[in-house]
Amino acid sequence: MTTPCTVPILMYHAIAHAPSPAALDLSVTPQAFAEQMAVLDDRGFTPLTTAELGAAWRGGRPLPERPVLITFDDGYEGVHRHALPVLSGYGFTATLFVSTGWLRGPYDTGGALDTMLDWDQTRELAAAGLEIGGHSHTHPQLDQVSDDRLWSEVTRCKHLVADELGAPPVSFAYPYGHSSRRVRRAVRGAGFRQSLAVNNALAGRCQGPYALTRLTVRRDTATEEFARLVEGRAVGRYFARERALTKGYAVVRRARQAAKAVGKVHGSRV
């Protein structure tokens, strides 16, 4: 259940009628997105940007009675085509986290899962009041890359957004939701003020500004289930299987990192 100390942060990806197979599971149809935004409006939620939430919690300022964050990862074209008209109709704001190497344009490195925004569309979203945040340059698992690449991924993303939009981003979202103490230090060192993970739980100030949790909205999230999630009801039950898989995968990831560290030590002795 939501409390004065917790906030639902919704995580969307593609908004599309017929997304690519790779983007399907984490996509939402335009009709479903419109129905979900109607739920927020009907129940009196007030959307905030990630920057607004971070500033309020840092400054000890009160939040609206029913705050919610609407976030989009990666930078799919449907955010402009389908989501923006709905958000504008309700006067809602949101945060879009872009992987700058996936956006169409001069910095495109390939690898995107579906049709992405171009920089003109991204500027239009910013002009409409959406916060544009960072999501790395090429969308790697940041906790599995070298220190040099980690720093490059975070800072290149920040600098490109600043160059193209005229202001540096202050919020970040970890690709795949994966982070570590090293990754969080890099994000903070690059000048981001807050960052988002996943973990499928309500966000709370006690989590700290660099590990705020989100709730995944998927293709199969029914409107009734969405209403329960945003109210903070049955969140644990809904995501129980996914959390179990996440915990198991975390063990595997830690083992991989430990093996890499051992390999580096042995390599340095050769």
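Visitor: Leaving aside its neighbours within four places in sequence, which residues is T93 in contact with?
Guide: Quick caveat: this is a predicted model, where local features need pLDDT of at least 70, side-chain atom pairs count only at pLDDT 80 or more, and totals for chains, interfaces and linings use all residues. Residues are numbered from 1 along each chain as its sequence is written, and side-chain values use heavy atoms, with hydrogens and water left out. Take contact as heavy atoms within 4.5 Å. Skipping neighbours within four places in sequence, T93 is in contact with P47, L48, T49, E52, I70, G129 and L130.

Visitor: Is T93 buried or exposed?
Guide: T93 sits in the loop between α3 and β5 (helices are DSSP runs of H or I with at least four residues, strands runs of E with at least two, numbered from the N terminus). Buried means under 20% relative accessible area, exposed over 50% and partly exposed in between, with a 1.4 Å probe and protein chains only. T93 comes in at 15%, so T93 counts as buried.

Visitor: Which backbone oxygen does the T93 side chain reach?
Guide: G129 is among the contacts of T93. The T93 side chain comes to 2.9 Å from a backbone oxygen, that of G129.

Visitor: Which residues touch the most other members of the largest nonpolar core?
Guide: A nonpolar core here is a set of buried Ala, Val, Leu, Ile, Met, Phe, Trp, Tyr and Cys residues joined through side-chain atoms within 4.5 Å. The largest one has 38 residues, and among the elements giving two or more residues to this core are α1 (30–42), α3 (78–90) and α7 (223–230). The ones touching the most other members are Y12, F33, M37, L40, I70, F72 and L87.

Visitor: Are α1 and α7 roughly parallel or oblique to each other?
Guide: E35, Q36, V39 and L40 in α1 meet T223, F226, A227 and V230 in α7. Their axes (lines fitted to C-alpha atoms over the stretch in contact, with angles from 0 to 180 degrees between N-to-C directions) are 10 Å apart, at an angle of about 40 degrees. Under 35 degrees counts as roughly parallel, over 145 as roughly antiparallel, 65 to 115 as roughly perpendicular and the rest as oblique. α1 and α7 are therefore oblique.

Visitor: And how are α1 and α3 set relative to each other, roughly parallel or oblique?
Guide: Among the residues that meet are F33 and M37 in α1 and V86 and L87 in α3. The two axes come within 10 Å and cross at roughly 20 degrees. α1 and α3 are therefore roughly parallel.

How values were computed:
Polar contact = N/O pair within 3.5 Å; in protein donor to acceptor, adjacent residues only side chain to side chain.
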